[in-house]
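Hello,

Here is the structure you asked to look at.

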Amino acid sequence: MTSAAIDRISPELPSELARGRGGGGPAPKRIVVAYGFWIFILGDIVMFSALFAAYAVLSGSTAGGPTGAELFNLRSAFIETMCLLLSSYTCGLGILSAERRKAARFLIFAALTFVLGAAFLFIEVTEFARLVEKGAGPSRSGFLSAFFTLVGTHGIHVASGLIALVYLVAQVITRGLRPAVLRRLLCWSLFWHALDIVWVGVFTLVYLWPS
Amino acid sequence: MTDSFEPVFDRTPGVEEHGPTVSYLSYSVGLGLAILATITSFVVSQTDLLWPPGIPVGLIVLAFAQIGVHLVFFLHLGSGPDSTNNILALAFGVLIVFLVISGSVWIISNLNSNMMPMPQ
C-alpha cells in the first residue's frame with residue numbers, strides 16, 4: 001500500500017476535511033442535491049440578469065410618458081422589501097425547525113413565510129393595478145415594458161414559490177419530516193433566499209436609482 | 001487494522017450523518033445586517049447624506065454588501081469544504097451576470113451617443 005493511499009483512508013483524517021475534493025468518501029445526499037439545485041438557481045439568476053440589462057438600457061426610454069420618479073411609491077417598495085426579507089428569515093427558521101424534527105414549529109414558520117410572501121405579492125399586484133389605471137401600463141413606453149417584465153417575472157417566481165410551499169407543507173403533514181421531504185424543503189429554502197437576493201437588485205436598480 | 005478503515009469507506013451518498021449545522025443566531029445576525037443595509041440604501045437614495053454624484057456607487061456597494069450577507073448567513077456559503085463547488089459555480093454565475101449587464105449597458109450607451117439627432 002502506498003503512503004498516499006494510507007493518507008487518504010486513514011481514520012485520523014476527519015472526513016469533514018475531505019468533502020468536495022473526492023477524498024473521504026462521497027458527499028452526503030443533502031449536499032449533492034443542494035448543489036444540483038444551486039446550479040438551477042444560478043441559471044435562473046442569469047435569466048434575471050438579461051431582464052436587469054434590458055431595464056438598465058430602457059429605463060430612460062419613456063417616450064414622453066411618465067418616468068419612474070413620478071410613478072413609484074417608495075413607501076410601498078420599502079414595505080415589500082421588508083415583507084420579503086422577513087419571509088426569508090422565517091423560512092430559514094422553519095428549515096432549522098424541520099431539521100430538528102419539530103413539525104409543529106415548522107408549520108408555524110411555514111405559515112408566517114406564506115403570509116409574508118402573500119403580503120409582498122398583494123402589494124405588488126396593487127401597485128401594478130394602480131399603474132395600469134393611470135395609463136402607465138406595459139405598452140406605454142419601453143421603460144414600462146422593461147419594468148413590468150423585470151418586476152413581473154420576479155412576482156411570478158414568488159407566486160410559484162408560494163404554490164410550492166403549500167405543496168411541501170402538504171407533504172410534511174401527510175408523510176412527516178422524512179429525509180426526502182427534508183431535502184425538498186432545503187431546495188425550496190434555497191429558491192426563496194435566491195428570490196430575496198434578486199429583489200435586492202430590483203429595489204436598488206428600479207426604485208432607488210437616481211434618474 | 002482493517003476495522004479502523006470501515007467508517008471512511010462505508011459512507012454512501014444516501015447517508016444522513018449530521019444533525020443541523022447552523023443555528024438560529026446565524027439567521028438573526030443575517031436579518032439584522034440585511035435590515036441595516038436596506039434602510040441605509042433607502043435613506044442614502046432619498047437624502048444628501050452622500051455626495052449626490054456618488055449615490056449610485058454607494059447604492060451598488062450597499063447592494064453587494066446585502067447580497068453577501070444573504071449568501072453567508074441565509075444560504076450558508078462559507079469557506080468549508082461543503083461549499084467549495086457551490087462557490088465555484090457562483091463565481092461563474094457572477095461572471096456571466098456581470099458580462100450580460102455591463103456589456104449591454106456599455107454597447108447601448110455607445111449606440112445612443114452615436115445616434116443622429118432626431119428632427120424635432
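This is a predicted model: local features need pLDDT of at least 70, side-chain atom pairs count only at pLDDT 80 or more; totals for chains, interfaces and linings use all residues.

Arg130(A) has a charged partner. Its side chain meets that of Glu127(A) in a salt bridge, with 3.0 Å from N to O. Both residues belong to helix α6 of chain A, where they sit three residues apart, about one turn of the helix. Glu127(A) has a relative accessibility of 15% and therefore counts as buried, the cut-off for that being under 20%. How many salt bridges does the structure hold over all chains? The count is one.

**The nonpolar cores**

The largest nonpolar core has 68 residues. Trp38(A), Tyr55(A), Phe147(A), Leu185(A), Val202(A) and Tyr207(A) are the ones with the most contacts inside this core. Both chains take part: α3 (29-58), α5 (74-99), α6 (103-133), α7 (142-175) and α8 (179-208) of chain A each give two or more residues, as do α2 (24-46), α3 (55-74) and α4 (84-113) of chain B. Which element has the largest share of this core? That is α8(A), with 20 residues.

Leaving out residues up to four places away in sequence, Trp38(A) touches Leu71(B), Leu75(B), Leu77(B), Asn86(B), Ala89(B) and Leu90(B). There is also a second, separate core of ten residues, and Phe109(A), Tyr27(B), Leu31(B) and Ala34(B) are among them. As background, nonpolar side chains in soluble globular proteins tend to be buried together.

**Aromatic rings**

Over all chains, the count of aromatic pairs comes to 15. One of these is Trp199(A) with Tyr207(A), a tilted pair with 6.1 Å centre to centre and 45 degrees between the planes. Trp199(A) counts as buried because its relative accessibility is 0%, and Tyr207(A) is buried too, with a relative accessible area of 11%. Both rings belong to one aromatic cluster, which also takes in Tyr55(A), Phe72(A), Phe120(A), Phe128(A), Phe143(A), Phe147(A) and Phe148(A).

**Chain B overall**

Chain B has four helices and zero strands, so its elements run α-α-α-α from the N terminus on. Of its 120 residues, 29% count as buried. The accessible surface of chain B comes to about 7700 Å², and carbon and sulfur atoms account for 74% of that. Taking contacts in chain B between residues at least 6 apart in sequence, 48% join residues at least 24 apart.

Apart from residues up to four places away in sequence, Ile55(B) touches Pro210(A), Val44(B), Ser45(B), Thr47(B) and Leu50(B).

**A nonpolar patch on the surface**

Some nonpolar side chains are found on the surface. Leu25(B), Val29(B), Leu33(B) and Leu36(B) form a nonpolar patch there, with about 370 Å² of accessible area together. Leu25(B) lies in helix α2 of chain B, and Leu36(B) is placed in helix α2 of chain B too. Leu25(B) counts as exposed because its relative accessibility is 59%; for Leu36(B), a value of 56% makes it exposed, given that the cut-off is over 50%. Leu25(B) and Phe73(B) are 48 residues apart along the chain, and their C-alpha atoms are separated by 9.3 Å.

Definitions and conventions
Residues are numbered from 1 along each chain as its sequence is written. Chains are lettered from A and ligands numbered from 1 in the order in which they are written. Side-chain values use heavy atoms; hydrogens and water are left out. A nonpolar core is a set of buried Ala, Val, Leu, Ile, Met, Phe, Trp, Tyr and Cys residues joined through side-chain atoms within 4.5 Å. Buried means under 20% relative accessible area, exposed over 50%, partly exposed in between (1.4 Å probe, protein chains only). Contact means heavy atoms within 4.5 Å. Patches are made of residues with over 30% relative accessible area and no salt bridge: like charges are joined within 9 Å, nonpolar side chains (Val, Leu, Ile, Met, Phe, Trp, Tyr) within 5 Å. Accessible areas come from the Shrake-Rupley method with a 1.4 Å probe; for residues, only the protein chains shown count as cover. A salt bridge is a side-chain nitrogen of Lys or Arg within 4 Å of a carboxyl oxygen of Asp or Glu. Rings of Phe, Tyr and Trp (its six-membered ring) pair if their centres lie within 6.5 Å; planes under 30 degrees apart count as stacked, over 60 as edge-to-face and the rest as tilted.
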